[in-house]
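Visitor: I'm new to reading protein models. Could you walk me through this one, bit by bit?

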Amino acid sequence: MVVTGDIGCYSLGVFPPLKRIDTILCMGGGVSMAHGMQIAERMQGTGDGKRRKIVGMVGDSTFFHSGITGLLDISYNKGAAVIIVVDNRTTAMTGHQEHPGTGRTLMGEQTISASIEDFGRACGMKNIATVDPYDLKATTETLRHALDSNEPWLIVSRSPCPLYTKSNVGPARQVNQELCKKCKLCLRLGCPAIEYINDEIRVNETLCGGCALCEKVCKDGAFETARGACGE
Ligand code: SF4
Ligand code: SF4
C-alpha cells in the first residue's frame, strides 16, 4: 500500500525502523494526497501494474487545521481512501499547544471541544471507527477490515501523548535475557526505550512509558515488568 503522511510528530514514521510513510508534502496533504492517489489508482493503477491500497495519515491538530477539506472531497468524489487520524490530544511536534479538539484555548481557557468523528459524519463518511492504539489486536483488526472494504474509512487512533500528560501508561518493562531469542522483532516498534547494545536487547527504563506494546509483539514472552517499577 501507499501511505501518505502529514506534518507532525508522526512524520518521523518516514525513517527506519518504521519506514511506513511514503510522502510528506504539506499540512492536510496526508488526506488530500491519499484521496488524489486513490482516484488515480482506481483509474490507471499506480504505474507499475500493481493495485495498491491508499492510506492517509494526519494528526489531530493538523486535521482541524487543514485535513477536513480533503475528507469532504473523499465523500464528495466517491473516493475510497482509508484515513487515519493519529489523535494524541495535543499539538505535539511544535510544543504541545492546544487546538480546537482539546477543549482549551491557547490561553488555557475552557472552550468548545470539536469532535473528529462528528466532522467525519458531517463530511459524509459512513465508516468511522475509534481505536486505542495500545490495543494492538483491535487496532489491527479494524485496519484490516477497513482495507478490505473498498469504501472510504475514517479511523481515529486516540490516546494522549504521555509527554504531554507527564504520566506513564503503565509500569516500566525490562527484558528477561534468558527468554530473549534476539529476533529483533521488538526493534521494529520504533520505541525509543528499546535498545540493542552489545548483542543484547534492553529497555532504557527512564524512557519507557509502560505501554506494553513490546509484550504484545514479543512471541517469546521476554518482556516483563521491571523490578521496582512504579505502578500505573
Ligand atoms: S521480540 Fe522478544 S525475543 Fe525478539 S528480540 Fe525482542 S525481546 Fe527478544
Ligand atoms: S512498555 Fe512501551 S515504552 Fe516501554 S519498552 Fe515496551 S514498547 Fe517501549
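Guide: Let's start with a term: rings of Phe, Tyr and Trp (its six-membered ring) pair if their centres lie within 6.5 Å, and planes under 30 degrees apart count as stacked, over 60 as edge-to-face and the rest as tilted. Keep in mind that this is a predicted model, where local features need pLDDT of at least 70, side-chain atom pairs count only at pLDDT 80 or more, and totals for chains, interfaces and linings use all residues. Residues are numbered from 1 along each chain as its sequence is written, chains are lettered from A and ligands numbered from 1 in the order in which they are written, and side-chain values use heavy atoms, with hydrogens and water left out.

Visitor: How many aromatic pairs does a search of the whole structure find?
Guide: A pair of aromatic rings is described by the distance of the centres and the angle of the planes. Go through the whole structure that way and the count of aromatic pairs comes to 2.

Visitor: How are the rings of phenylalanine 63 and phenylalanine 64 arranged?
Guide: Their centres sit 5.6 Å apart. Their planes meet at 75°, so this pair is edge-to-face.

Visitor: How far apart in sequence are the parts tied together by phenylalanine 64 and phenylalanine 119?
Guide: These two rings have centres 6.0 Å apart and planes at 70°, so they are edge-to-face. Helices here are DSSP runs (H or I, at least four residues), and strands are too (E, at least two), numbered from the N terminus. Phenylalanine 64 belongs to helix H2 (residues 60-76) and phenylalanine 119 to helix H3 (residues 116-122), so the parts they tie together are apart in sequence by 55 residues.

Visitor: Is phenylalanine 119 buried or partly exposed?
Guide: Buried means under 20% relative accessible area, exposed over 50%, and partly exposed in between (1.4 Å probe, protein chains only). Phenylalanine 64, at 14%, is buried. Phenylalanine 119 has 32% relative accessibility, so the label is partly exposed.

Visitor: Which residues of H4 are exposed?
Guide: H4 covers residues 136-148, and its buried residues are Thr139, Thr142, Ala146 and Leu147. Seen down the helix axis, those buried residues fall within an arc of 130° (taken from the directions from the axis to the C-beta atoms), so they line one face. On the other side of H4, the exposed residues are Lys137, Arg144 and Asp148.

Visitor: What covers the buried residues of H4?
Guide: Think of contact as heavy atoms within 4.5 Å. The cover includes strands S2 (54-59), S3 (82-87), S4 (127-131) and S5 (153-158).

Visitor: Which residues does histidine 35 touch?
Guide: Histidine 35 lies in helix H1. With a relative accessible area of 9%, histidine 35 is buried. Leaving out residues up to four places away in sequence, histidine 35 touches Asp73, Ile74, Asn77, Gly79 and Ala81.

Visitor: How far apart in space are threonine 130 and leucine 154?
Guide: Threonine 130 is found in strand S4 and is partly exposed at 45% relative accessibility. In sequence, threonine 130 and leucine 154 are 24 residues apart, but in space, C-alpha to C-alpha, the value is 8.5 Å.

Visitor: How many nonpolar residues are in the shell around ligand 2?
Guide: Ligand 2 is surrounded by residues including Arg173, Cys191 and Ile194 (near means that a heavy atom lies within 4 Å). Ala, Val, Leu, Ile, Met, Phe, Trp, Tyr, Cys and Pro count as nonpolar, Asp, Glu, Lys and Arg as charged, and the others, Gly among them, as polar. The shell has 1 charged and 2 polar residues, and the nonpolar ones number 7.
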